[in-house]
Amino acid sequence: MTQKTKIILVDDHEMVRMGLKSFFNMQPDIEVVGEADNGRQGVNLALELRPDVVVMDLVMPEMDGVEATLAILREWKQAKILVLTSYLDNEKIYPVIEAGAKGYMLKTSSAAEILNSIRKVAKGELAIETEVDQKIQYHNQHPELHDELTARERDVLRLLAKGYDNQTIADELFISLKTVKTHVSNILAKLNVEDRTQAVVYAFRHSLVPQEDE
């Protein structure tokens, strides 16, 4: 008899959890052994049950997916966490991988892709949504793109990587909101990326963010 991969679901939408649980439990090699409706509860459940895979949403009350991932891995370094999110452009996507998640997929991905990602993560492999992985690979092959950034643009990029919005960046650097928007636009153009999330991915991949800010 095949040993089942035990997973827990951490998602604040009950209907999503119900649908995923029903679908996963239909598989001969996967079993849902627990559910949590917020990040803090997810941390406690993961540390209590020690499942093979933690399927983690990103945007949740009390503690988001990034914070929950960090909290779990601080106490249990072998934890295998797969983010399953609706937010392709959410600025928390890359930080959660930096935090130690084994990968992330979109809730709009096909059933086969989501199942495959769970099986890969259970084996300790990375499972990253194809479109984002291609963009990351592109920038890994073009490290020279960031050479054109000015010192101020690097400051803005560092604060983007910390999750700050434009107004907070303006306050932090004592510049106008309009100036911040111009810097962000210039950063995206120079790095040849489409949005802030991809800029943050680039910053982490190329060590443009100091250690203390990661």
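Me: Which residues in α10 do Leu157, Leu160 and Ala161 in α7 meet?
Reply: This is a predicted model, and the contacts described here come from its atoms. On the α7 side the residues are Leu157, Leu160 and Ala161. Their partners in α10 are Arg196, Ala199, Val200, Ala203 and Phe204.

Me: At what angle do α7 and α10 pack, and how are they oriented to each other?
Reply: Two packed helices are described by the angle between their axes and the distance between the axes. For α7 and α10 the axes are 9 Å apart and the angle is about 100 degrees. Angles of 65 to 115 degrees count as roughly perpendicular, so α7 is, relative to α10, roughly perpendicular.

Me: Which helices do the buried residues of α8 pack against?
Reply: Helix α8 spans residues 166-173, and its buried residues are Asn166, Ile169, Ala170 and Leu173. Because they cover an arc of only 100 degrees around the axis, they are on the same side of α8. The helices that these buried residues pack against are α7 (151-161), α9 (177-191) and α10 (196-205).

Me: Is Ile169 buried or exposed?
Reply: Ile169 has its place in helix α8, and it touches Val156, Leu159, Leu160, Tyr164 and Val180, when residues up to four places away in sequence are not counted. One of these, Val156, is 13 residues apart from Ile169 in sequence, with 6.9 Å from C-alpha to C-alpha. The relative accessible area of Ile169 is 0%, and since the limit for this class is under 20%, Ile169 is buried.

Me: What is the order of the strands in the open sheet?
Reply: The sheet has 6 strands, with parallel pairing. Its edge strands, each of which pairs on one side only, are β2 (30-36) and β6. Read across the sheet, the order is β2-β1-β3-β4-β5-β6.

Me: What is the bridge partner of Ile8 in β2, and what is the handedness of the unit made by β1, α1 and β2?
Reply: β1 and β2 pair in the parallel sense over 6 bridges, and within this pairing the partner of Ile8 is Gly34. The two strands also form a β-α-β unit with helix α1 (residues 14-25), and its handedness is right-handed.

Me: Which strands does α3 touch, and at what angle does its direction lie to that of β3?
Reply: β3 and β4 are joined in the parallel sense by 3 bridges, with Val55 having Leu82 in β4 as its bridge partner. α3 packs on the sheet and touches β3 and β4, and its direction makes with that of β3 an angle of about 160 degrees.

Me: Which strands does α2 lie across, and at what angle does it run to β2?
Reply: The strands in question are β1 (5-10), β2 and β3, which α2 lies across. Its angle to β2 is about 135 degrees.

Me: Which residues point each way from strand β5?
Reply: In a regular strand the side chains alternate between the two faces of the sheet. In β5 (residues 103-106) all of the residues are buried. Those pointing one way are Gly103 and Met105, and those pointing the other way are Tyr104 and Leu106.

Me: What is the handedness of the crossover from β5 to β6?
Reply: β5 is joined to the parallel strand β4 (residues 81-85) by 4 bridges, where Val83 stands opposite Tyr104. To β6 (residues 127-128), also parallel, β5 is joined by 2 bridges, and Gly103 stands opposite Ala127. The chain goes from β5 through helix α5 (residues 111-122) to β6, and this β-α-β crossover is left-handed.

Me: Is Glu62 buried or exposed?
Reply: Glu62 lies in the loop between β3 and α3 (65-75), and its phi is positive, about 70 degrees, although Glu62 is not a glycine. Its relative accessibility is 58%, and because values over 50% fall in this class, Glu62 counts as exposed.

Terms used:
Residues numbered from 1 in each chain as written. Predicted model: local features only at pLDDT ≥ 70, side-chain atom pairs only at ≥ 80, totals over all residues. Heavy atoms only, no water. Buried < 20%, exposed > 50% of the residue type's maximum accessible area, 1.4 Å probe, protein only. Pairing = 2+ DSSP bridges. Right-handed = clockwise from strand over helix to strand, strands pointing away. Contact = heavy atoms within 4.5 Å. Axes fitted to C-alpha atoms, helices over the stretch in contact; angles between N-to-C directions. Arc of directions from axis to C-beta. Parallel < 35°, antiparallel > 145°, perpendicular 65-115°, else oblique.
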